[in-house]
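I opened this notebook page to record what I looked up, going from helix packing to the chain as a whole and then to charged pairs.

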Amino acid sequence: MKLRFRQLNSARVKILLVLLLLNLLLMIIFTLLLQSVMCDEVRRDADRRLSAAVQTLPMILPNHYLTRALAGEEISSEEYLQQLAILERYCQIAGLRDLYAFKLENGKVAYLIDSATPPLLAKANYGRYQELNGNQTSPALLALKDGHPRSVIVSEAWGESRTYLFPMPLADGSHYLIGADIDSDLFHKSLMQARWQALSMGLILFIAACAVCYLVAHHFSAPLATLSRAVRRMATGDFGVRIQAGRKDELGNIARAFNALGELVSARDQSLRELAYVDSLSGLANRVGFLHYAAEHLNPERGSFALLMLNINDFHFINEYLGYQQGDEVLRHIAERLNVLRRPVIKVARLGANTFGVLLERVLSDDVLKVLERLDASMTEPLLMGGERLDISASSGVALFPEHGLSADILLRNAEVALCGAKSARRSFAFYDPEQEAYSRNQLTLMGDLREALAEGHLLVYYQPKVKMIDGVVSEAEALVRWQHPVRGFIPPSVFIPFAEQTGKLRAITEWVVHDVLMQAAVWIEEGLELCISVNVGVSDVEDASFVSFLERQLAQCQVPPQNLCLEITETGVMRNPKDLMRNLEYLRAMGVKLSIDDFGTGYSSFAYLAKMPVHELKIDQSFVMSMSERFENVSIVRAIIELGHILGLSVIAEGVETEAAWQALAVMGCDEAQGYLIAAPMPADAFSLWCMADSRKHLPITPPNMGEDSYSQRHFS
């Protein structure tokens, strides 16, 4: 259907249709004109015959017949019939119906002579001598009166006829009238025959002109059709197509212009292909060219292949230190090193800024390791750029064909996944691991679900009590966020908190926890339960003045005293921005908010800064507390942290207390508070309220004497 429509829409058909329409219009005009001419000729022929008959009538009658008749002399019936017969024979010869003569008698038309056929004679149906005409209002009376000849259509008792009336003058100025008739049916038949002849001639000429139109359309459209086919071939990528240009007319000029355009487009296409497949900086194949080459060569029948993606480590430092021009020069040197590698390397490409691709053929894993060693040796060779020695290293990801994919796109993607794994593990290379990718994909999905967790109310706050070791009194609790996924169930914070940091959602989670905790604290205050609730916050939060303002607004909105809120800040981030951090910590302490350093002992804080920080307590990381029974060194670390905290005037809290032995050891070392499963597991707010109402100290182990109590008391109360 589309092909037929395209044929109907071709230039040949369009030209032919235009010519046919013009031909049809001309033929209609010609046929109408021809009909008019031929019909006029029929009318003129009829009038000529009638006029000739009128002029002949006086000559075919005997001498003096008309003179006698006009004088009113008597003419016998036999003589009249003889003259009538003469006229009838003439009418038959001339093709007339009637031939007659009239005179005006007392203002009326009377016959002088009339013709009649034998049937009419038998019926006595003819005009007798001196008999009055039956139609006294006929054109004959008018012609006799005004003396003007005329040609008219007359309808009488004898039928309809075309009549020519010619008045003949008399000596006295009057007239007598000679008339001749042609049968109207015969006249119209002649007219119709003339019309059909004109139409037939027009039709014959139209058919002949159509053939001429077709030849003309073919003559003019054949070069256009050739040009159209050539253009379509060029549109499909065949830029070598050319057409004959031997004609000297405009079509020949078009053909020559098309051939010149083809030459230009072919040259431009070659240039674009080079740009599309070649990296202009290094001269190597680019990403598109590399994939195209790999797709052509990857074939299971040719054996195994390996695709390597190599990335220059920390290349941005080179651009920042030496500038982008020198960075480009470094890339060119690296490209030269890679381009001289021999088999099994069959193709090297620059895939991106500082990323290269290498295709190996007919290789096993051991062969890939050897190539990786050669690559590593080639990369580690120093470069001298602008008088500077540059030590370069690279990481590589490897995907094997056909084990890790059957197409170039999939292999390149999997090699990139392996490269990311190598960089994450800080290794020089890594092979693609489908299980690792499945884990990463699962984590990515989890990251997407985290965006909806806040809006859908999937996050919950659990509370874990802190007790004073000296008497087991509960005065504080830590708020711990939990994620109840609607499909995956409970997800621990250790899994989704890193995702929250990566996606920028940690601040939103922190603010939500703060709001929920303060709302719950307000409820507990009304119930008579006064607690200081700890919330974990990031260093970036405390450094931000807007977060401090948020805390002020929430405390005022929930009507919770500032001393009922404690911010636990992880030690690993304390030293990142000390000026803003110190200023905001001083402001929070002045507000009355309690401050704590969380996971102390696992970071790299400076003791000088630690002494200046306006915090209230240290929390010993649970890894030290839980491993005290395994290594004696951990006991020493815990004891040192407790003593350091006391020296700085800070309370010390141990988290992760799960055994009676750990409780007793911490009590002996003078730890102030404890938190852990030995006391209670984290629980929802309602369960925590019930737990606090019960005698929570019943299940606590016996607390031994504090060996550091004297120094602690002396420090606090002297």
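Before reading any packing angle, I noted that axes are lines fitted to C-alpha atoms, over the stretch in contact in the case of helices, and that angles run from 0 to 180 degrees between N-to-C directions. I also noted that the model is a predicted one.

**Entry 1: a helix pair.** I looked up how helix 9 (residues 287-297) packs with helix 13 (residues 408-424), and found an angle of about 120 degrees with the axes 9 Å apart. Angles of 65 to 115 degrees count as roughly perpendicular and those over 145 as roughly antiparallel, and helix 9 and helix 13 are therefore oblique to each other. On the helix 9 side the contact is made by R287, F290, L291, A294 and A295, while helix 13 contributes A408, D409, L412 and E416. Sorted by class, this contact has six nonpolar and three charged residues, and no polar ones.

**Entry 2: the whole chain.** I then stepped back to the protein chain, which has 25 helices and 21 strands. Of its 718 residues, 43% are buried. Among contacts with a separation of 6 or more, 66% come from residues 24 or more positions apart. The chain exposes about 38,400 Å², and carbon and sulfur atoms supply 57% of that area.

**Entry 3: salt bridges.** In the pair of D146 with R150, the closest N and O atoms are 2.4 Å apart; D146 is partly exposed, its relative accessible area being 33%.

I next took E568 and K466, whose closest N and O atoms are 2.9 Å apart in their salt bridge. E568 lies in strand 17 (residues 565-570) and K466 in strand 13 (residues 459-468), so this pair ties together parts that are 102 residues apart in sequence. Both E568 and K466 are buried.

The side chains of E655 and K619 also meet in a salt bridge, at 3.6 Å from N to O. This pair links distant parts of the chain, with E655 in strand 20 (residues 651-655) and K619 in strand 19 (residues 617-620), 36 residues apart. Since buried means under 20% relative accessible area, E655 counts as buried at 10%, and K619 is buried at 0%.

**Entry 4: a network.** Which residues are linked with K466 and E655 in a network of salt bridges? I found E476, E478, E568, K594, E617 and K619 in that network with them.

Key. Residues are numbered from 1 along each chain as its sequence is written. This is a predicted model: local features need pLDDT of at least 70, side-chain atom pairs count only at pLDDT 80 or more; totals for chains, interfaces and linings use all residues. Side-chain values use heavy atoms; hydrogens and water are left out. Helices (H or I, at least four residues) and strands (E, at least two) are DSSP runs, numbered from the N terminus. Angles under 35 degrees count as roughly parallel, over 145 as roughly antiparallel, 65 to 115 as roughly perpendicular and the rest as oblique. Contact means heavy atoms within 4.5 Å. Ala, Val, Leu, Ile, Met, Phe, Trp, Tyr, Cys and Pro count as nonpolar, Asp, Glu, Lys and Arg as charged, and the others, Gly among them, as polar. Buried means under 20% relative accessible area, exposed over 50%, partly exposed in between (1.4 Å probe, protein chains only). Accessible areas come from the Shrake-Rupley method with a 1.4 Å probe; for residues, only the protein chains shown count as cover. A salt bridge is a side-chain nitrogen of Lys or Arg within 4 Å of a carboxyl oxygen of Asp or Glu.
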